[in-house]
Amino acid sequence: MIIILIVCGTFTLFGLGLGRLHLYFKRNAKTLRASIYAIERYQSSSRRKKSTYYRPLIKYTFEGQNYIFSSNFGSSDLKYRINDQVKVLSLDKGAEYVRLQSRIQWLFPLIFFVSGTLGSLIYFYKNPSFIIFSIYLTALALIPTMLYRYLKSKNLLDKFIETVLKAKIEDEISMKDREIFTKKRELKQHLQKNKFIGLIITLFFLLATSTGLHFSWNKTKLSSKEYFFDLMSNLELINQLEKFIQDKNLLLSLILIVFTALLLYSLLYQLFKKR
């Protein structure tokens, strides 16, 4: 259980660190106008599952010279389009000290901080201990100070700060052999092709789950069906679920209903979302 608390504390500190970094940019950087030069398509580095993400390459001017840098964050859906006008936060230290001004910069720190804090509160609610709580708060206060002193003693502090503040400045060599779209037409064709493939795959699984739902529902006991419909109109009957869940066909039907609904939502989202 202590491991859960350690993870929660790590999340809390990480969220605070990201928030402080963004706040540093907000206080010390200048806001400059920029534009989306291109969109890059890349694969996540996860070993378990490969996912496709898109991130913008932003073009901006620093001290009279044009630069291109890649955003630190990508998403499975397009948030920007080529030639969109955006704003960047730029420090006077150099062209590479820049980041895209976006609400998502606050989103990640907030997610980590709230997750860590709520997890810690739930832990101490279920496992009240004044001694562990005191040690936990002391650790949260001391770890950042200890890390700061360690990095400074090893002459790594400046290098660490430079690393987290810098963005990746792109050039022809760095962009070579990467899937980068600089023209709207090329990007549109790519998205239409991916959309068609995604629709076919989603439709296939939707037909599979709905067919399975049809057969499992037909095999479900009449009493279980009646209970299901009664439950839809009176949620207080949920306490009787254990009795009817022994009907394996009802359980399978409930699972397939959830998957079918999710796939139907995914299909409608792909059909009507705007790229």
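Glutamate 63 is exposed, with a relative accessible area of 71%, where exposed means over 50%, buried under 20% and partly exposed in between, computed with a 1.4 Å probe and protein chains only. This residue sits in the loop between β2 (52-62) and β3 (65-70), strands being DSSP runs of E of at least two residues and helices runs of H or I of at least four, numbered from the N terminus. The model is a predicted one, in which local features need pLDDT of at least 70 and side-chain atom pairs count only at pLDDT 80 or more, while totals for chains, interfaces and linings use all residues. Residues are numbered from 1 along each chain as its sequence is written, and side-chain values use heavy atoms, with hydrogens and water left out.

Most residues other than glycine have a negative phi. Glutamate 63, although not a glycine, has a positive phi of about 50°. Aspartate 177 also has a positive phi, near 65°, and this residue is found in the loop between α5 (172-175) and β7 (179-181), where aspartate 177 is exposed with a relative accessible area of 75%.

Turning to the helices, α9 (residues 248-272) has 25 residues that should span 36 Å at 1.5 Å a residue, and its end C-alpha atoms are 36 Å apart, which agrees; the expected span is 1.5 Å times one less than the number of residues. The buried residues of α9 are Leu250, Ser253, Leu256, Thr260, Leu263, Leu267 and Gln270. An α-helix has 3.6 residues a turn, so residues three or four places apart point the same way.

Helix α2 (residues 104-126) holds valine 114, which is partly exposed, with a relative accessible area of 36%.
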